[in-house]
Amino acid sequence: MENLSNSGSLTEVEEKCPEFTGYSHVLAAIDFSPMADAVLTTAHGIAKQNNAKLTVCHVMVSIPRVSLLFPQDVAQPDTSQSAAEAVFEQIEERVQELTAREPEEYEIVVTSGDPVTEILALASEQEVDLIVTANRSTSKIAGIVMGTVAQGVVRDASCHVLLVCPPKE
């Protein structure tokens, strides 16, 4: 029987897509939205089932605030060390509360910048094989104009991505 695919033979596809054997490193990319707990518990469950490393990441978005009256005065968001430490402590508290993991059983990374860029860079640096993040409902206009972090991660990731969706109302 002839292969009808235009992408090459089945053997070529099998060589490019090795057999899935499970995850070894799961990255939970969270913010402080209502979906963050669902992302964290989902990533924890998958990491536990696969005996995988769990990394929890939060990116502090650094969007400068501009005054309409004084546009030359740009207020930078607080991405200082103290702000990062406060975020780290909040995440650590949530991880321990939701997963009962000990601190040595996971890693927390808090960084600042563009969320998509930072999440993908961390995933690449740490050889993550699954990114778990939220697919928050944004307005269609906001999604078209700005895009979403989830869209950017799915589009550009070099590993599997799992989107945790909000419950249907």
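A: What follows describes the helix pair, then a neighbouring loop, and then the rest of the chain.

This is a predicted model, in which local features need pLDDT of at least 70 and side-chain atom pairs count only at pLDDT 80 or more, while totals for chains, interfaces and linings use all residues. Residues are numbered from 1 along each chain as its sequence is written, and side-chain values use heavy atoms, with hydrogens and water left out.

The pair in question is helix α4, residues 115-125, and helix α6, residues 149-156, whose axes lie 9 Å apart and meet at an angle of about 40°. Helices here are DSSP runs of H or I with at least four residues, strands are runs of E with at least two, and both are numbered from the N terminus. The axes are lines fitted to C-alpha atoms, for helices over the stretch in contact, and the angles run from 0 to 180 degrees between N-to-C directions. Angles under 35 degrees count as roughly parallel, over 145 as roughly antiparallel, 65 to 115 as roughly perpendicular and the rest as oblique; α4 and α6 are therefore oblique to each other. Their crossing is right-handed, a term that applies when the near helix is turned clockwise from the far one by less than a right angle.

On the α4 side, the contact (heavy atoms within 4.5 Å) is made by Pro115, Val116, Ile119 and Leu120, and on the α6 side by Val149, Gly152, Val153 and Asp156. Sorted by class, this contact has six nonpolar residues, one polar and one charged, where Ala, Val, Leu, Ile, Met, Phe, Trp, Tyr, Cys and Pro count as nonpolar, Asp, Glu, Lys and Arg as charged, and the others, Gly among them, as polar.

Valine 128 lies in the loop between α4 and β6, the latter spanning 130-134. With a relative accessible area of 8%, valine 128 is buried, which by definition means under 20%, whereas exposed means over 50% and partly exposed lies in between (1.4 Å probe, protein chains only). Leaving aside neighbours within four places in sequence, valine 128 is in contact with His25, Leu27, Ala123 and Cys159. Computed along the sequence, valine 128 and alanine 52 are 76 residues apart, yet 10.0 Å separates them in space, C-alpha to C-alpha.

Another buried position is leucine 54, at a relative accessible area of 0%, which belongs to strand β2. Beyond neighbours within four places in sequence, leucine 54 is in contact with residues including Val26, Ala43, His44 and Ala47.

Two loop residues are exposed instead. Asparagine 51, in the loop between α2 (36-50) and β2 (53-60), has a positive phi of about 55° although it is not a glycine, and its relative accessible area is 74%. Alanine 100, in the loop between α3 (81-99) and β5 (107-112), likewise has a positive phi, near 60°, with a relative accessibility of 61%.

As for the chain, there are six helices and seven strands, which run from the N terminus as α-β-α-β-β-β-α-β-α-β-α-α-β. Buried residues make up 33% of its 169 residues, and among contacts with a separation of 6 or more, 70% join residues 24 or more positions apart.
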